[in-house]
Structure formats: structure tokens, C-alpha cells
Amino acid sequence: MKKLLLGDEAIAQGALDAGLSGVYAYPGTPSTEITEYIQNSPLAAERDVHRKWCTNEKTAMETALGMSYMGKRALVCMKHVGLNVCADPFVNSAMTGTNGGIVVVAADDPSMHSSQDEQDSRFYGKFAMLPVFEPASQQEAYDMIGEAFEYSEQEHLPVLMRITTRMAHSRAVVEVKDTPREQNALNYDSVAANWVLLPVNARRRNNYVTAQLPRLEEDAATSPHNVLTDAPDHSLGIIACGIAYNYVCECFPEGCPYPLLKITRYPLPKSLVRQITDSCDNVLVVEEGQPLVEEMLKGIMPGNANIKGRLTGHLPRTGELNPDWLREAFGMEEREGYESGENVMPRPPALCQGCGHRDVYAALNEVLREYDNPRVFGDIGCYTLGFLPPYHAIHSCVDMGASITMAKGAADAGQWPSVAVIGDSTFTHSGMTGLLDAVNENANITVIISDNLTTAMTGGQDSAGTNKFEAICRGLGVPDEHLRVVVPLPKNMPEITQIIREEINYKGVSVIIPRRECMQTLQRHLKQKKNKEAKK
């Protein structure tokens with residue numbers, strides 16, 4: 001059977017066809033569509049595959065470990081910075097090992113289309129001593145996810161699958177299985193001594209995992225996905241990793257004239273690498289992201305191997321690769337492209353018309369003009385756009401949940417007013433612990449939890465704390481008299497500005513919750529309601 005699928009959808013379908021029992025994820029572009037595809041899958045519904053969103057990536061990874069402990073297959077999905085959030089359980093999962101298979105999909109974002117950085121998740125695989133799969137096509141993504149589950153159970157290790165934005169969000173025809181594999185049965189084969197990471201157990205597992213590396217490398221070298229293709233011209237050899245292999249092929253539609261090594265599975269297959277470096281005068285490493293392979297080659301290859309790539313300037317050091325950059329590196333003529341329109345004006349992103357965040361920032365700016373040197377610490381979400389015109393309302397945005405802790409740190413330094421602005425989903429993701437720190441020290445900060453009742457930035461997924469924020473804040477110790485809820489509408493501006501003013505002047509922790517549904521999800525819900533009523 002053939003289907004036209006995004007790379008994300010190919011992974012999701014492949015996981016379902018491989019006998020998936022649960023997907024655990026927090027929405028983050030470009031990984032979001034994996035979980036959404038499973039949530040909308042009739043097969044997932046029929047088999048009762050777990051498919052609810054998690055509070056953050058750490059809880060997702062830990063819950064998947066619990067499913068694996070019971071012998072079933074679990075998929076964990078996140079964007080690259082989410083791997084930072086779940087680094088603790090991810091790295092330790094190599095020490096616990098697996099019972100049921102675990103595949104962790106990290107979707108990297110070269111050129112930072114919607115991210116704070118362009119880190120390369122392959123480093124995490126090397127750091128944790130885990131196998132890494134990096135598919136070069138949608139078909140390979142579908143095939144490799146099933147192989148990854150098999151390999152995870154064979155080697156009793158999680159497998160990291162690394163994709164990039166271009167893979168996640170481009171479509172191709174994929175040949176899928178007619179008959180999905182059945183889910184694993186519940187079993188009790190987990191060895192407790194492997195899962196209780198007391199030092200005595202962890203040292204033993206560490207020796208075992210380290211000793212596995214040569215076998216993992218040998219398996220990578222013999223994998224049908226890692227292919228060395230010879231060619232007549234040995235003046236240059238090309239090592240192409242993951243989706244970058246397609247960029248090389250696009251440059252040479254009649255076939256690559258140089259020896260070409262395609263790498264989509266790690267640890268780095270040194271035996272294949274040595275074959276190409278020994279036989280070629282120069283070697284160009286083409287990899288999306290950071291120069292992981294290029295750096296490794298400079299360490300393991302003989303001194304006479306002339307390695308070129310991002311580090312040498314033959315390819316750009318940062319940003320997403322494309323065939324035009326490769327043509328330049330190959331010394332080929334520049335292709336004729338489309339001329340940019342001279343009359344096309346840039347359109348920076350902006351908060352939607354009617355968005356409640358607009359009213360929050362308008363009120364906040366009006367109040368803060370009354371103070372000397374106020375500082376507003378922002379967070380990750382739609383409301384980060386408050387940094388741009390016309391509001392210029394925030395002074396920082398570092399990572400998920402940092403607004404509250406940075407506001408507290410600024411207050412500790414003597415800053416006043418010190419205000420944190422955080423969204424509802426981000427607050428439950430990683431803002432609650434920061435608020436607890438602030439409450440425990442009665443920090444002189446004002447926290448604004450701008451609640452639009454959804455995870456709006458990534459398309460309107462459910463928000464974990466909806467209708468729970470007052471209870472959460474009370475449970476963390478915020479006093480009732482300084483826990484205020486407002487409706488951000490222009491007509492309520494006098495009330496909102498007065499509340500903000502009062503809470504800034506209060507010497508301690510206060511929380512203001514402006515609550516109004518996101519305009520995008522509101523329109524969607526109204527349309528769904530209208531369609532439902534029309535069917536009656």
C-alpha cells in the first residue's frame with residue numbers, strides 16, 4: 001500500500017505498524033505532527049495506543065521507560081531543545097536499558113526556523129553511548145522506525161532517531177505494510193538490578209554498555225542503510241549524512257562521479273569511512289547540523305586524509321544546507337534561480353488580531369511607564385512576539401520556564417519591578433518549580449500566567465494545566481489575596497492596569513492570570529460546534 005506522507009507522518013505510521021503501544025511527547029515544531037498523526041489514527045484508536053500529550057519532555061521520557069519496563073513498545077517525540085529537558089532520563093536510559101523497545105525521535109531545526117538554537121542531537125547519542133538512526137528519506141524513516149524498535153529490544157538499549165525540519169515537513173510517497181505488527185504482550189522480564197541505578201548496579205551496567213559499542217559500530221557498518229558507492233573519479237570522496245544525501249544526489253542527477261558514502265546509522269562506521277578516505281585525495285563531509293562526523297574524522301583518520309566540510313569553510317558553518325551550497329563546494333556552475341521580488345515587503349510575525357496577549361502587553365506597558373527601569377522576563381510561546389513592535393514589552397526569552405526564575409534572580413540582585421510573563425502550557429511544562437522557589441523565599445516578583453487555554457504556538461494542542469492554575473498556585477503557596485484572575489479585553493483595561501499596579505507594589509510573590517481563549521482555537525471550536533448543530 002502506498003501513502004503520501006510527511007516525514008513526521010511516515011515515522012508515526014511506521015511506529016504504529018511496528019506494534020506501538022504508546023507515544024509520549026510535548027508539542028514542539030518540527031516534531032508535533034508525529035503525535036498528532038497517531039492521535040488521529042483509526043488503528044491507534046482501535047488498539048487503544050496511548051496518545052495523550054505529556055506535561056514536558058522529561059515526563060514523556062520517564063513514562064516511556066515505564067511502558068518499556070512492562071515489555072511494550074514506546075515512542076518519545078520532541079524537538080531538539082526538548083532533548084535538553086529530558087537529558088537526565090535519556091542518558092540514564094542507557095544504564096537501565098530496555099525491555100520493550102524505546103525509540104526517541106529528536107527533530108532538529110537547522111537555521112532555527114522556529115527555535116532558539118540549531119543544536120545537533122547526534123551529540124546526545126554519542127554522549128549517552130546509544131545507537132542513532134538518521135533517515136535520508138521518508139521511506140527510510142518509515143522502514144527505520146520499525147528496525148529501531150527491533151534493535152532496541154535486541155540490544156536492550158533505547159534508539160535515538162534524529163531528523164531535521166526538511167525531513168519532518170516534506171512529503172513523499174511511502175510504501176507501507178498491509179498488516180501491522182501486533183503489540184507486545186505485557187511481560188515481567190525486566191531485571192530490577194538494571195533499573196535501580198544504585199552505584200553498584202550503575203557501574204556494572206556502565207561497563208556492559210561501553211563494551212557494546214564495538215558491536216553497535218559493526219552493526220552500523222553492515223547496515224543496508226549505510227552504503228558506500230564507488231565511482232571513477234577518486235580526486236574527491238563524499239560522506240553524506242541523513243537528508244544531506246539527497247542534496248548530493250540532486251547535484252548529480254545522472255549519478256555521483258565521486259565515491260559516495262551514505263551514513264544514516266551510528267556509531268560512525270569507521271571501516272566504511274577508512275575505505276573512502278584511503279582511496280580518495282580529498283573527502284568532503286556533508287552533514288546537516290554541526291560538524292560531528294567531520295570532527296570525528298579529523299581525530300581517527302591518518303594525517304594525510306584531507307577532510308573538508310563545515311570546519312574548513314567549504315560548506316557554511318551554520319544554517320540549513322541546500323544543493324546550491326553543495327554545487328559551490330563541488331566547483332559546479334551556479335544554477336539559474338528565481339529573482340527575488342523587489343516590491344515584496346518583509347512580513348515579521350505578529351500576535352493575531354484579537355489575541356488576549358495583546359491586551360496583556362498593552363496593560364503591562366501602560367503600568368510600567370510609571371516606574372524607573374522595569375524589567376520583564378519572557379518565555380517560550382506566542383507571547384514571545386511581545387518583544388517585537390508595537391509592544392517591545394519583554395527583555396529576555398531563554399528557554400522553557402526561565403521567565404520566573406530569571407525574574408527571581410533579578411529581584412535577588414535588587415531589581416524592582418521584576419515581572420515574569422509565561423504562558424499556560426509553558427508554566428506547567430517547567431515554570432511551576434521556579435514559582436515554588438520564588439514562594440519559598442517570598443521573592444519580590446510579579447508573575448503573569450497568560451492563559452489562552454491551549455498550546456497555541458504549535459497549533460492548539462491541549463494544555464496540561466487548563467482550569468487548574470489557581471489550584472496549582474495555591475498549592476505552591478501563593479496567597480489567595482495575591483492570586484488574581486482577569487479577562488484581557490480592551491473594555492477591562494482599567495481593572496487590569498489597576499491589578500497589575502497593585503501586585504507590582506506588593507513586596508512579595510504575586511500571580512496574575514489573564515484568561516481568554518486563543519482566537520485560533522476559539523474559531524475552530526465555534527466551527528466544530530456549528531457543524532455539530534447542523535448535523536442534528
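**Pockets and cysteines**

Reply: Helices α7 (122-128), α11 (199-222) and α14 (292-300) each give at least two residues to the lining of the second largest pocket. Helices here are DSSP runs (H or I, at least four residues), numbered from the N terminus. This is a predicted model: local features need pLDDT of at least 70, side-chain atom pairs pLDDT 80 or more, while totals for chains, interfaces and linings use all residues. Residues are numbered from 1 along each chain, and side-chain values use heavy atoms, without hydrogens and water.

Me: Which residues lie nearest the centre of the second largest pocket?

Reply: K126, L213, P267, L268 and M296, out of 15 lining residues. Lining residues have an atom within 4 Å of a pocket point.

Me: What classes make up that lining of the second largest pocket?

Reply: It has 10 nonpolar, 1 polar and 4 charged residues. Asp, Glu, Lys and Arg count as charged; Ala, Val, Leu, Ile, Met, Phe, Trp, Tyr, Cys and Pro as nonpolar; the others, Gly among them, as polar.

Me: Why is C382 called buried?

Reply: Its relative accessible area is 19%. Buried means under 20%, exposed over 50%, partly exposed in between (1.4 Å probe, protein chains only). So C382 is buried.

Me: What makes C397 partly exposed?

Reply: C397 has a relative accessible area of 30%, so the label is partly exposed.

Note on methods: 1 Å grid on protein atoms, 1.4 Å probe; cavity = no way out; pocket = protein on both sides within 12 Å on 5 of 7 lines; lining within 4 Å.
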